[in-house]
Amino acid sequence: MSFLSIRGLELRIRGGGRLLRAVSLDVAAGKVQGLVGESGAGKSMIGKAVLGILPQAVEVVRGEILLDGTDLMKLKPAERRRRFGATCALIPQDPLTALNPSRWIGPQITDRLVDILHWPRDRAEARALQLLEEVHISDGPRVLRCYPHELSGGMRQRILIASAFAAEPKLIIADEPTTALDVTVQKQILKLIAALQSRHGTALLFVTHDLGVVSKVCQSLTVLYSGMVVEDTDVRAFFRAPAHAYSQALLAATPKYTDPLSSLMPVQDAVIAAVRAEVDAADAKVDR
Amino acid sequence: MSPLYEVEGLQLSLPDMTRKPLLGAAPRLEILKGLNFTVPKGAIFGIVGGSGSGKSTLGRAMVRLLEPTGGAIRFAGVDITHMRDDALRPLRRRFQMIFQDPMSSLNPRHRVATIIAEPMRLHGFDEVPARVARALDHVGLQQGFAARYPHELSGGQRQRVGIARAIALEPEFILADEIVSGLDVSSQAHVLNLLETLVRDLGLTLAFISHDLSVIRRLCSRVLVMQHGMIVEDRETAALFASPEAPYTRELLDAIPLPDPDQAWV
């Protein structure tokens, strides 16, 4: 049974073009669902719609976002925040801009526990220390009293991961959590996310443009092009033989150091034209 | 044939401002600790390493955005290690740089045409508009882009403008510092193929800084692997990938997630 279920979600820029086209997507409890696509495909918009942080200029035309069976769109903002803060969390892309530069790390992890879950502050702090240990930060008490700029990019990303897992959420949305990091740090961070995810049985929606990363951490994936789902399948099946021509092209564009000559084929114009035609046909059907 | 760049015992230290006392000088932080290598003419030369390994500092020293504190850098036989700015200026046309973040390296208030033309005007080129048109053509951007502003372009298009600006000066050497790490795989493939074509057609020498060994493997003929400000491996690409000698190179290779769910990794 899926914990997060998005049904026919359509987003549009107010008075402008479509951003998402009848997107359906499921994240099963305790599973990792990948969401891939080029920049501008609308990956982050899905995450933002679920979190209820869409930009002002974007409106929801239709669709449902079911969280554990409840349609989030039908909730009042306050109710939505309460329910959400207790069960969901985000691991953002950029570890520098996601942390407040003028505050210590400690309160940035514990605020949510204190404000939304009404934990006593000392219990929240003990929890923060325990989490820092889980993400392999050994000198927790010192780190809690550091400012973000005093820590490296890898450390900051670990802190955001610790913070995301703080309230034992049932769903985490990770929006390109390792794009800003180099490969060795990326590996540590992905291992960490995978370990925490399986230990806590969290449902994880993993947004990325890196198919290499998807093959390592996800069980299933959704491929998005221009706000339309072009493929939604099991990871093994996908990497054995992607069904859609666009998915095949995307896989061919992914660099592979073991096979330098066949990799890095740019997505051909013909493939783009074909998938664009599909998008237009879908739009025409909706508009009619 | 003599190499384009000869680097001997290159050292560079910068003041560590995080440990600067209130009064007095900040302690120096050793970034580059005695590097020796040469870059042959016409090569695509890869520089790889983790964050903080000193690869960008090395690049910046090579195009003399930073002044080395020890050792020597010779460009086309000329010692540029401590050359003064006015003497460097005519040489700068010959070694150009493309930056990692195209948004912050293109002036947001200038149109693409001005961005590409400005360095040519500084270096006293004639027929600037015709050269701008040619540069756009080289990087596969239609002439209409000349009138656009950087914010109207996609990431891949912006990076092409950065490339156009660099090649417009007809340099012999271009340093590309992590220029595709912000792009998705499809635009990345386009930009890399473009670079390869330009190097071949214009007879350029290219140093390509990256943390992604897959990209290096595809593009470069030789690779220099850096860790903690030192060179741990400097070899032909094919040989390096066939049998990496340094443990750190092995570690970097093993960290790359291949698009294959069966690769033992996590």
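In this predicted model, the largest nonpolar core comprises 155 residues, and the members that touch the most others are Ile116(B), Ala164(B) and Phe208(B). In soluble globular proteins, nonpolar side chains tend to be buried together. Leaving aside residues up to four places away in sequence, Phe208(B) has contacts with Ile44(B), Phe45(B) and Gly46(B), with Ala176(B), and with Ile216(B), Leu219(B) and Cys220(B).

**Confidence**

The average pLDDT of chain B is 91, and 99% of its residues score at least 70. For the complex, the predictor reports an ipTM of 0.75 and a pTM of 0.81.

**The two chains**

Overall values for the chains are set out below.

In chain A, 67% of the contacts with a separation of 6 or more involve residues 24 or more positions apart. In chain B, among contacts between residues at least 6 apart, 66% join residues at least 24 apart.

**The contact between the chains**

The contact draws 35 residues from chain A and 30 residues from chain B. On the side of chain A that touches chain B, at least two residues each come from α7 (183-200), α8 (211-217), α9 (235-240) and α10 (245-253). Helix α7(A) gives the most to this side, with 7 residues. By class, the side of chain A that touches chain B consists of 18 nonpolar, 10 polar and 7 charged residues.

**Helix α7 of chain B**

Helix α7(B) runs over residues 185-202 and has 18 residues. From first to last C-alpha α7(B) reaches 25 Å, close to the 26 Å expected at 1.5 Å a residue. The buried residues of this helix are Val185(B), Ser186(B), Ser187(B), Gln188(B), Ala189(B), His190(B), Val191(B), Leu192(B) and Leu195(B). Their cover includes α10 of chain A, as well as α6, β7 (173-177), β8 (205-210) and α8 (213-219) of chain B. Just after α7(B), Gly203(B) adopts a positive phi of about 60 degrees.

**A loop proline**

Pro150(B) lies in the loop that joins α5 (128-138) to α6 (155-168) in chain B. Is Pro150(B) buried or exposed? Pro150(B) counts as buried because it has 21 C-beta neighbours inside 10 Å, where the cut-off for a buried residue is 20 or more. Not counting residues up to four places away in sequence, Pro150(B) touches Met103(B), Leu106(B), Pro108(B) and Arg158(B). Arg111(B) is 39 residues from Pro150(B) along the chain, and their C-alpha atoms are separated by 7.0 Å.

Key: Residues numbered from 1 in each chain as written. Chains lettered and ligands numbered in written order. Predicted model: local features only at pLDDT ≥ 70, side-chain atom pairs only at ≥ 80, totals over all residues. pLDDT = per-residue confidence, 0-100. Core = buried A, V, L, I, M, F, W, Y, C linked by C-beta atoms within 7 Å. Buried ≥ 20, exposed ≤ 12 C-beta atoms within 10 Å, placed from the backbone. Contact = placed C-beta atoms within 7 Å. Helix = DSSP H or I, 4+ residues; strand = E, 2+ residues; numbered from the N terminus. Nonpolar A, V, L, I, M, F, W, Y, C, P; charged D, E, K, R; others polar. Expected span 1.5 Å × (residues − 1).
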